[in-house]
Amino acid sequence: MEHFKSFRAWHGSFAAYARLDLPQLLPDVDWCLYVDGDTLFYDDPFILQPYCDNTIPILGHYDRPFSLHPWYEQWKREGLEFTYFCSGFILMNLAWFRANNGTQRCLDFLREHPETRAPDQDALNELSKGQSKMLPEAWGVFPREAFFADWPGCVHYAAALPTKTAFNRTYGFPDITAAWFVFAKTVLGVSVQEACGVPRWKWALGRLYNHLLRFYVAVCSHLPLFKNLPSVQRLEPYFPNKTQRRILSPKLWQEALCRTRNLSQPLP
């Protein structure tokens, strides 16, 4: 923590800066998948192994950069605004960081730019600009984008924590939030009310509202005169297709638990 004591806290903590020290904390590891705590895996992270390219320092999921950054216009001029990644889900080339003094360069950047809006994230983006790459869109995906891909690999519930969920008049309680509660109930035995304080009746009504909206979107999207309505266009991304709806099935997690138990058995 001595490295970070001169920096400002991020959401009341200095923990976010610790990922900058991963190359030193894992000295014998060349690659590391760093994942924030507000995430849930719906697929096997080892799918990402083929993306470990020794020429790339870091791969992540696209995040919209803050337009108030003092260096944002420079990124834009260089055509790099669409390579800005969220540091909450990143595949890090630790060997590259050690070879290029990456940690120290990030710390130096933070000392030079105390005004940065997203401290470690901006430092990592500045360090690897022009060399970073995007992961497949399913990985580290935000809730509002979860159903853009064929199947969400890992959802990053940033700014949309299920444990702090509330009814929204636009979409009720959305499916991607409900999917988290299916996990919580199936794997942890935790009810919606225990997890977030929403009474069972309110959750049921919010989900019914969501189901009615899904029916509205499904019908309108097949009618030429209605499919381009702003309300339909705005709501459609919040609903999974037939294949993606498996994300709402307890069977998904029951099968995962079975596989985990099998893996925990001692080898013959």
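Ala, Val, Leu, Ile, Met, Phe, Trp, Tyr, Cys and Pro count here as nonpolar; Asp, Glu, Lys and Arg count as charged; the others, Gly among them, count as polar. Sorted this way, the lining of the largest pocket divides into 12 nonpolar, six polar and seven charged residues. The model is predicted.

Stay with that pocket. Its volume is about 700 Å³. The lining holds 25 residues, and the closest to the pocket centre are Trp 10, His 11, Cys 86, Gln 121 and Ala 158. Two elements give two or more residues to this lining: β4 (85-93) and α5 (119-127).

Strand β3 (residues 58-62) pairs with β5 in the parallel sense, over two bridges. Leu 59 has Lys 133 in β5 as its bridge partner.

Next comes another sheet. This open sheet has three strands in the order β2-β7-β6, again with mixed pairing. β2 (39-41) and β6 (139-141) are its edge strands; each has a single partner, so one side of each is left without a neighbour in the sheet. Neighbouring strands here are turned by 20° against each other on average, direction ignored. Take one pair in detail. β2 and strand β7 (residues 154-156) pair in the antiparallel sense over three bridges. Within that pairing, Thr 39 has His 156 in β7 as its bridge partner.

Finish at a single side chain, Asn 210. Asn 210 sits in helix α8 (residues 200-220). Is Asn 210 buried or exposed? The relative accessible area of Asn 210 is 0%. Buried means under 20%, so Asn 210 counts as buried. What is in contact with Asn 210, leaving aside its neighbours within four places in sequence? The contacts are Tyr 171, Phe 173, Pro 174, Asp 175 and Phe 239. Glu 236 gives a further reference point: Asn 210 and Glu 236 are 26 residues apart in sequence and 12 Å apart in space, C-alpha to C-alpha.

Terms used:
Residues are numbered from 1 along each chain as its sequence is written. This is a predicted model: local features need pLDDT of at least 70, side-chain atom pairs count only at pLDDT 80 or more; totals for chains, interfaces and linings use all residues. Side-chain values use heavy atoms; hydrogens and water are left out. On a 1 Å grid over the protein atoms alone, a cavity is a set of points where a 1.4 Å probe fits but cannot get out, and a pocket is an open set with protein on both sides within 12 Å along at least five of seven lines; lining residues have an atom within 4 Å of a point. Grid points are joined across faces, edges and corners, and a volume is the space filled by probe spheres set on the points. Helices (H or I, at least four residues) and strands (E, at least two) are DSSP runs, numbered from the N terminus. Two strands pair if DSSP finds at least two bridges between them. Axes are lines fitted to C-alpha atoms, for helices over the stretch in contact, and angles run from 0 to 180 degrees between N-to-C directions. Buried means under 20% relative accessible area, exposed over 50%, partly exposed in between (1.4 Å probe, protein chains only). Contact means heavy atoms within 4.5 Å.
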